[in-house]
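Please read the following note with the sequence and the model side by side. The points are numbered so that each can be checked in turn.

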Amino acid sequence: YAGEDDKFRQETRLREELQRLLLQAETVQRQAAQSKDRQAVKSAKQALQEPVKAAHKALSAKNPEQLASARDALETALGPFRTDDSSRDSGKGEGI
């Protein structure tokens, strides 16, 4: 049963990380939409559109490899929009 527990914990952790990143992506898109800079809106939308789609698909598929891949892609896409490097560790051990 230990193997099943580890697999469940890993999938749960990946799922939580991916959901946290989706919330960050929504925040970036919302902030860009409120901005008067049309280029910022276009840039955020283009950069995040596919990774967000992949994240939603991975969440419904329940495949750990797909969850990890979607998490990595979304994290990479969010990189240019981060204003604080500490945001990368904000989901580890503490609430957002």
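1. The largest nonpolar core has 19 residues, and the members that touch the most others are Leu18, Leu48, Leu74 and Leu78. A nonpolar core here is a set of buried Ala, Val, Leu, Ile, Met, Phe, Trp, Tyr and Cys residues joined through side-chain atoms within 4.5 Å. At least two residues of this core come from each of H1, H2 and H3. H1 gives the largest share, seven residues.

2. This is a predicted model: local features need pLDDT of at least 70, side-chain atom pairs count only at pLDDT 80 or more, and totals for chains, interfaces and linings use all residues. Residues are numbered from 1 along each chain as its sequence is written, and side-chain values use heavy atoms, with hydrogens and water left out.

3. Helix H1 covers residues 2-34, which is 33 residues. Its first and last C-alpha atoms are 48 Å apart, close to the 48 Å expected at 1.5 Å a residue; the expected span is 1.5 Å times one less than the number of residues. Helices (H or I, at least four residues) are DSSP runs, numbered from the N terminus.

4. Which residues of H1 are buried? They are Glu11, Leu14, Arg15, Glu17, Leu18, Arg20, Leu21, Leu22, Gln24, Ala25, Val28 and Ala32. Buried means under 20% relative accessible area, exposed over 50%, and partly exposed in between (1.4 Å probe, protein chains only). Their cover includes helix H2 (38-61) and helix H3 (64-78).

5. Leu18 can be followed in detail. Leaving aside neighbours within four places in sequence, Leu18 is in contact (heavy atoms within 4.5 Å) with Ala55, Ala58, Leu59, Leu67, Ala70, Arg71 and Leu74.

6. In H2, the buried residues are Ala44, Leu48, Pro51, Val52, Ala55, Ala58 and Leu59. What covers them includes H1 and H3. H2 bends by about 40° at Leu48, with Pro51, a proline, following within four residues; the bend is the angle between axes fitted to the seven residues ending there and the seven starting there.

7. After H2 comes Lys62, with a positive phi near 60°.

8. The C-alpha atoms of Ser43 and Gln29 are 9.6 Å apart, and the two residues are separated by 14 residues along the chain.
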